[in-house]
Amino acid sequence: MGWKKKAGILFLPLAIYYGCKLVKDYFIVFALIFNFLTTTFFPNLNLECFKDFNPDIADFATGDDQIVDEYDFVVIGAGSAGAVVANRLSENKSWKILLLEAGGGETIHTEVAGFQYTAIRLGASWDYMTEKHEDGITSTNQKNGQVYWPRGKILGGSSSINALIYTRGNKRDYDSWKEQGNPGWSYEDVLQYFKKSEDQRTENLVDSKFHSTGGPLPVEQAVVDLPMIQDCINACSKILSYNPDYNGEKQTGCFFHQLTRRDGLRCSTAKAYLKPKRSNLHVSPFSHVQKILIDPETKTAKGVLYKKNGKSMTVKARKEVILSAGAVVSPQILMLSGVGPKEELEKHGILIIKELQVGYNLQDHVNYIDYLFFNDSVSFRYEDYLSYDALQKLLNERKGYLTQTLPIGTFIPLTKESEEKDWPEIQMHYITGLIANFYDFNPFFNIADEYWAYMKSQMSDKVGMTLMYCLLRPRSRGRIKLRSVNAEDHPLIIPNYFDHPEDLREFVEGMKFTKKLAAAMKHLNASTYRGKEPGCEQHELDSDDYLRCIVRRGATTVYHPVGTCKMGPHTDDQAVVDSTLKVYGIKGLRVVDASIMPTIVSGNTNAPTIMIAEKAADIIKEDWKDKKSYLE
């Protein structure tokens with residue numbers, strides 16, 4: 001055992017004792033110290049044993065003895081969509097709803113935004129890995145060329161482990177959905193559902209026609225009292241205008257993020273929509289769905305088969321099964337249930353009930369990390385997140401570093417035309433500090449050891465900001481396929497980043513924004529990072545060829561997979577659901593989550609997924625207003 005581990009073990013009890021005496025909040029102090037120790041001293045520790053540590057699960061879960069054999073609606077997945085649609089359906093007191101979730105309850109690590117990455121490590125994620133890209137180049141800065149895709153396996157789903165960013169996308173996104181043959185999904189149609197969910201708490205936005213108060217989901221603006229952040233906003237505003245509300249009239253510009261927080265702490269959809277409990281809504285955690293039970297003759301969804309505590313369980317649905325397991329798991333469950341591409345189901349010996357292009361149309365916001373260096377007068381250390389001052393600010397004021405992960409952002413148009421149309425192609429998130437100086441990120445991002453060592457060597461004596469670029473509307477399309485007929489086996493994820501050449505061209509143009517930002521921060525002697533990265537040494541530094549090389553090799557995810565159960569008209573041969581989210585050819589089955597997006601939205605996907613669920617709930621209520629069952 002090395003000296004770091006020995007020191008950590010000796011330090012732990014003393015730190016907890018004195019920390020608690022000082023702060024008198026035992027739970028948060030323990031979490032702070034545990035977070036610091038596990039990331040600093042034990043970066044590769046297997047923490048699987050802590051996955052069931054869920055202090056507030058009793059606030060959500062229904063006792064196993066109360067779960068019955070039949071419900072009106074069975075909702076699969078308690079994430080950004082499932083928790084919302086289950087709540088809204090339970091407003092009808094005559095209906096009984098069962099919400100099934102494979103994961104458990106939230107913890108202090110999901111409660112505090114600054115603990116996002118530790119929450120992922122502590123069993124709150126499915127820990128997916130993509131398949132290696134066929135070209136042998138894309139994403140090779142990742143171990144084995146595989147990109148780590150954490151998706152929420154917890155009540156609240158990915159809204160319990162994300163960066164809290166509340167972004168609706170661009171108005172044109174939704175108008176495009178309508179133009180693709182999906183009536184009722186234009187921006188004018190969906191705005192009411194964004195507003196229905198929202199409890200906007202930013203003073204200058206509460207009276208805006210684009211926002212509302214009183215909804216279940218609190219939204220607060222990020223504010224960090226750190227000169228480095230304000231310097232970046234000021235510099236960005238010299239290039240693009242400052243935008244006080246990127247979810248309002250205009251998207252383009254520089255801004256402080258709006259966050260799904262309540263009084264400085266994360267508010268997932270579980271907290272927003274599953275509290276307080278309703279007697280007609282039962283929530284069953286640790287319930288891993290194996291497949292939907294579909295009658296092959298009548299092609300009607302009759303119920304769900306799931307595993308809990310090692311036992312197989314079945315539950316019947318009188319009205320509908322609603323699949324809200326996300327863009328990775330929803331297509332997996334459909335295919336395991338006999339709904340999917342013919343060749344894929346035949347390959348695994350699955351009875352074909354309905355042939356649909358399930359798993360196709362996978363889209364994600366591909367990401368590349370860049371860096372901005374400042375002079376030595378600017379200081380920021382990761383340890384500042386864990387300082388006594390930061391803790392006091394969290395406990396006493398619900399402010400400070402621990403209340404957010406990515407405080408500011410920018411939507412960047414690449415041409416005069418896209419600027420005039422307010423149709424930016426690139427989004428940028430800023431991380432305070434240089435991630436290579438924080439702690440070992442390899443367990444979180446699967447960064448190849450050689451590349452990570454190189455980056456640390458380049459930045460060990462530097463201060464600055466980490467910039468995460470993403471392409472908002474990629475043309476490349478990936479796919480989800482089955483690994484096996486076992487629902488416990490993760491599906492095959494094939495993202496196909498940069499398969500379309502135009503994606504790489506636009507991305508490289510967007511990356512040039514870093515130089516503009518540095519030029520606008522001359523008072524800090526700011527500079528861009530451009531070293532001869534491994535694998536790209538043959539290209540002239542800063543040339544387009546060099547940028548194409550580093551971007552392709554460094555391609556990773558911003559955690560926004562969508563589109564694998566595409567919404568579209570019956571004339572669209574890739575459509576899986578119609579505009580009411582009913583699965584084509586199957587009665588009593590809908591998909592309600594990000595997988596139904598025909599094209600990805602121009603921004604973070606959590607708020608649009610909540611909107612989809614809000615709208616879906618109204619559609620379902622209207623459909624069942626005068627019916628008792630599909631069997632009538």
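Q: Why is asparagine 496 called buried?
A: This is a predicted model, and in it the relative accessible area of asparagine 496 is 18%. Buried means under 20%, so asparagine 496 falls on the buried side of that limit. Asparagine 496 belongs to the loop between β22 (492–494) and α16.

Q: What is the phi of asparagine 496?
A: The phi of asparagine 496 is near 55 degrees, which is a positive value in a residue other than glycine.

Q: Is asparagine 309 buried or exposed, and how do you know?
A: Asparagine 309 has a relative accessibility of 63%, and the cut-off for exposed is over 50%, so asparagine 309 counts as exposed. Asparagine 309 sits in the loop between β13 (300–308) and β14 (311–323), and it has a positive phi of about 55 degrees although it is not a glycine.

Q: Why is helix α18 described as largely enclosed by the rest of the structure?
A: Helix α18 covers residues 544–553, and seven of these ten residues are buried, so the description of it as largely enclosed follows from that count. The buried residues are Tyr546, Leu547, Cys549, Ile550, Val551, Arg552 and Arg553. They pack against β17 (366–374) and α16 (501–511).

Q: What makes α16 and α18 roughly perpendicular?
A: The axes of these two helices come within 10 Å and cross at roughly 105 degrees. Angles of 65 to 115 degrees count as roughly perpendicular, and therefore α16 and α18 are given that name. Where they meet, Leu504, Phe507, Val508, Glu509 and Met511 of α16 are in contact with Asp544, Leu547, Arg548, Val551 and Arg552 of α18. The residues of this contact divide into six nonpolar, no polar and four charged.

Q: How do you know that serine 139 is buried, and which residues does serine 139 touch?
A: Serine 139 has a relative accessible area of 3%, and the limit for buried is under 20%, so serine 139 is counted as buried. Although serine 139 lies in the loop between β3 (128–129) and β4 (148–149), its contacts, leaving out residues up to four places away in sequence, are with Gly145, Val147, Tyr497, Arg552, Arg553 and Ala555. Arg552 and Arg553 are among the buried residues of α18. Serine 139 and threonine 557 are 418 residues apart in sequence, while their C-alpha atoms are 9.9 Å apart in space.

Q: Why does valine 583 count as buried?
A: The relative accessibility of valine 583 is 3%, and with buried meaning under 20%, valine 583 therefore counts as buried. Valine 583 is placed in the loop between β24 (556–557) and β25 (589–591). Not counting residues up to four places away in sequence, valine 583 touches Val339, Leu356, Val576, Val577, Leu589, Arg590 and Val591.

Q: Which residues touch the most other members of the largest nonpolar core?
A: In this core of 189 residues, they are Ile292, Leu334, Phe374, Tyr430 and Leu517. Helix α19 (residues 606–623) gives the most to the core, with eight residues. Leucine 334, apart from its neighbours within four places in sequence, is in contact with Ile292, Leu323, Val339, Val358, Cys565, Val576, Leu589 and Val591.

Q: What makes β5 and β8 the edges of their sheet?
A: The open sheet has three strands in the order β5-β6-β8, with mixed pairing. Both β5 (198–200) and β8 (258–259) have a single partner strand, so one side of each is left without a neighbour in the sheet. Three bridges join β5 to β6 (residues 217–221), and these two strands run parallel.

Q: What makes both faces of strand β11 covered?
A: In β11 (residues 281–284), Leu281 and Val283 on one side and His282 and Ser284 on the other are all buried. Strand β2 (residues 97–100) runs parallel to β11 and is joined to it by four bridges.

Methods: Residues are numbered from 1 along each chain as its sequence is written. This is a predicted model: local features need pLDDT of at least 70, side-chain atom pairs count only at pLDDT 80 or more; totals for chains, interfaces and linings use all residues. Side-chain values use heavy atoms; hydrogens and water are left out. Buried means under 20% relative accessible area, exposed over 50%, partly exposed in between (1.4 Å probe, protein chains only). Contact means heavy atoms within 4.5 Å. Axes are lines fitted to C-alpha atoms, for helices over the stretch in contact, and angles run from 0 to 180 degrees between N-to-C directions. Angles under 35 degrees count as roughly parallel, over 145 as roughly antiparallel, 65 to 115 as roughly perpendicular and the rest as oblique. Ala, Val, Leu, Ile, Met, Phe, Trp, Tyr, Cys and Pro count as nonpolar, Asp, Glu, Lys and Arg as charged, and the others, Gly among them, as polar. A nonpolar core is a set of buried Ala, Val, Leu, Ile, Met, Phe, Trp, Tyr and Cys residues joined through side-chain atoms within 4.5 Å. Two strands pair if DSSP finds at least two bridges between them.
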